[in-house]
Structures are given as C-alpha cells and as structure tokens.
Amino acid sequence: MLSTKELLYTLALQRVPNLGDTTIKKLLHLVGSAEGVFKEKKAHLLKIDGIGQIRLKGLDESLQLPEAERELQFLESNAIDYYYFQDRTYPDLLKQCIDGPVLFFSRGHIDLKARKIISIVGTRNITPQGMLFCEKLVESLSPLDPVIVSGFAYGVDITAQKAAVWNGLQTIGCLAHGLDQVYPKPHRKYMKDIEKHGGFITEFWSDDPFERNNFLKRNRIIAGLSEATVVIESAEKGGSLVTADIANSYNREVFAVPGRPSDNQSKGCNNLIKTQGAHILTSAADLIYQLGWELNEKPTKQRQTRLFEDFSKDEHTLWKYLKSRDKQLLDIIAFDCSIPVFKAASLLLELELKGAVRPLPGKWFEAVV
C-alpha cells in the first residue's frame, strides 16, 4: 500500500498532460517514487527513452497537487479503495499489460487474486436468443466459480452481470467514468446487488468529463483483467470488437458466439471467427476445453429453494402466475393477480433482481426458474 503522501503524488502524476500509464511506469522505475519524479531534475528525466520536453512540460506539482488533493479527499470520504500497479493486490493478469493503469479505483467486495476471470461483452441491443445464451453460459460455468467482468452497459453486459449475481458468482463492472456517477442511470437499481457480489472498478476520477473515448480506454482493462474475453453478440462494428482486438494483442483467448449470416447482431462475431480472431463458442464446454479448466462437479445450488425463502406473499403470487405461462404483459399480470400496476411493477423488479423473472421488450415478463 502506498503512503498517503505517495498516493497523493501518484494521483498528481495521473493528472500531468501527455503522460500515459506506460510513460509514468518508466518514470517511476527510474526515480523510484511519484514524489521523486516531481522533485527530479528534468535534464535527468529526459534521458529516458521516449520522453521529451513536450511530455514533461506539464510536470509541475503546483499545478497537479491541488487537483490531486481534492481527488484524494473524495476517495477517503467515500471509502473508495485503490489498486497500485506495484502492489501485490494488483491483478496478476493486468500487471502483465504494459499499458495497464498505474492506479485504478474500486468499490464493493472485490477479490481478483488467484481467481478464474473471464470478460463477457457484446451488443447493447441483445436479442432474446443472445440473452438466453449468456445466462446459460454463466450458469454452466458457475461450478468453476469464475469472476465475471463486463462494462455494466445495456444488453450483454448487464445480462452477464445479473446472471453472475443469480448464480452467486463475483462480478465486476468496469466503468468508463468516476465512481461518483452511474451510467446508464436505469442500472442504478442493480448496483447494490453487484456490490454485494463484487463491485465496480475504474481508472477515471470523480471530475473526469463523460467522454466517448473513455469507453474505448476502459476496454483495455476489461480485456487485461481476464484470461478470456467472450463476445456474445456484436454488429459489424462495436466496442466489444475493440475489446476482442485488445485481448488478442495481450495474447489472451477470445471466444465468439456464431450466428446466422443474415443476423445483424451476429456479423461481428461471425467475422471474428472467420478471421481467426476468436474461437467458436457454442457452449461453456468450448471455453472450459480451450482454457484447460477442470470442471469439478459440485452439488447443484439450491437456488430455487433459496428464492422461495426470500419471496414475499405477493412476489410468490406473481412468480407462480408467470411460471404457468410463457410470458405476459405487465398490465395483464397486475389485473389477473389483483395487484395494482405500480405495485406489480415494483414486485417484478424485485423478482428480476432475485433472478426469478426476466423482463422482455414491450413490458412483457417471463419466469426464469
């Protein structure tokens, strides 16, 4: 762990314009400490390969320290943890990435040491078939107790993370903004459960602007943390394909779920497979085989029994009603169960968070277990 003073100066280094993570690591290796980098003569620093006057122009503690002090206060007042690239707590796989963040932040109950970690990414416009495949994949992998990493976005991301929670797995949401924000805002309702079963990480500060490029930058962390990256569905272009490319550049395994050539949301995955940028993934067995994982069978988790114990009387009424049907509209569910629509909507949300009900487009719902 860094001392408070060294953490402050490391934050200040992050704020120097034109200094990326790779350059900061070079400086720290030469000088030995973040404070020392600010105190060192620039003539000495210029001897480092790839570091010129432009990169060092903004290296002035009078400019960076006030900002760093404000961010340090934010971290301390919000009980936010951090990972420093030279600490033993820093994730092993991410440490192997030359451009991995010098410092990133976390909130929740996260354990990334000596764990099987996979990233699951894909389109925000997930199809029902993609959703079912994603949920089944996570459920099938659950005996191996992997950590599921994703980006907390719509579609594949949140489907994978909810499935991890349902199956009692640790899940990590890698954010493209500071820990004082929530994006997308409708996903706020999932944060409490995800933090109980893992949490959130980010390299961005609380006052960093919300920019598109942040999403591309955070993709390297999603890829770098993981032994393998899985693309469930993707159009011909998309952020998940960038993540797959980065994972390949890190010599990590990439998997893609094939689809029909005519399906727009399968074009990206089909292209990855066609160009040998990914292994074909048709079931969890493909991933387990390629990664050399051993599937030690464990007793099936009594998830349904535990859910019953957690159900209120009204929740059980709604779940039993949906269990007897393929799917149903919210208004009809409320009418048939003699529950006001506003209350039924709230109860269905609770059932969704418990992994018992799945929302479908157009205010349709169906039972999961």
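This is a predicted model: local features need pLDDT of at least 70, side-chain atom pairs count only at pLDDT 80 or more; totals for chains, interfaces and linings use all residues.
Two strands count as paired here if DSSP finds at least two bridges between them.

Stop 1: Select strands E10, E11 and E12: they form an open sheet of three strands in the order E10-E12-E11, with antiparallel pairing. Colour residues 328-329 for E10 and 357-360 for E11; these are the edge strands, and each pairs on one side only.

**Stop 2: two crossing helices.** Select helix H1 (residues 4-14) and helix H6 (residues 61-77), whose axes come within 8 Å and cross at roughly 120 degrees. Because of that angle, H1 is oblique to H6. The crossing of H1 past H6 is right-handed. Now show side chains at the contact: H1 contributes Thr-4, Leu-7, Leu-8, Tyr-9, Leu-11 and Ala-12. From H6, the contact residues include Leu-65, Ala-68, Leu-72 and Leu-75, and also Glu-61, Glu-69, Glu-71 and Glu-76. Taken together, the residues of the contact of H1 with H6 are nine nonpolar, two polar and four charged.

**Stop 3: an enclosed helix.** Move to residues 156-166, helix H9. Is H9 buried or exposed? In H9, 11 of the 11 residues are buried, so the helix is largely enclosed by the rest of the structure. Among the buried residues are Asp-157, Lys-162 and Trp-166. Finish just after H9 at Gly-168, which has a positive phi of about 70 degrees.

Definitions and conventions
Residues are numbered from 1 along each chain as its sequence is written. Side-chain values use heavy atoms; hydrogens and water are left out. Helices (H or I, at least four residues) and strands (E, at least two) are DSSP runs, numbered from the N terminus. Axes are lines fitted to C-alpha atoms, for helices over the stretch in contact, and angles run from 0 to 180 degrees between N-to-C directions. Angles under 35 degrees count as roughly parallel, over 145 as roughly antiparallel, 65 to 115 as roughly perpendicular and the rest as oblique. A crossing is left-handed if the near helix is turned anticlockwise from the far one by less than a right angle, and right-handed if clockwise. Contact means heavy atoms within 4.5 Å. Ala, Val, Leu, Ile, Met, Phe, Trp, Tyr, Cys and Pro count as nonpolar, Asp, Glu, Lys and Arg as charged, and the others, Gly among them, as polar. Buried means under 20% relative accessible area, exposed over 50%, partly exposed in between (1.4 Å probe, protein chains only).
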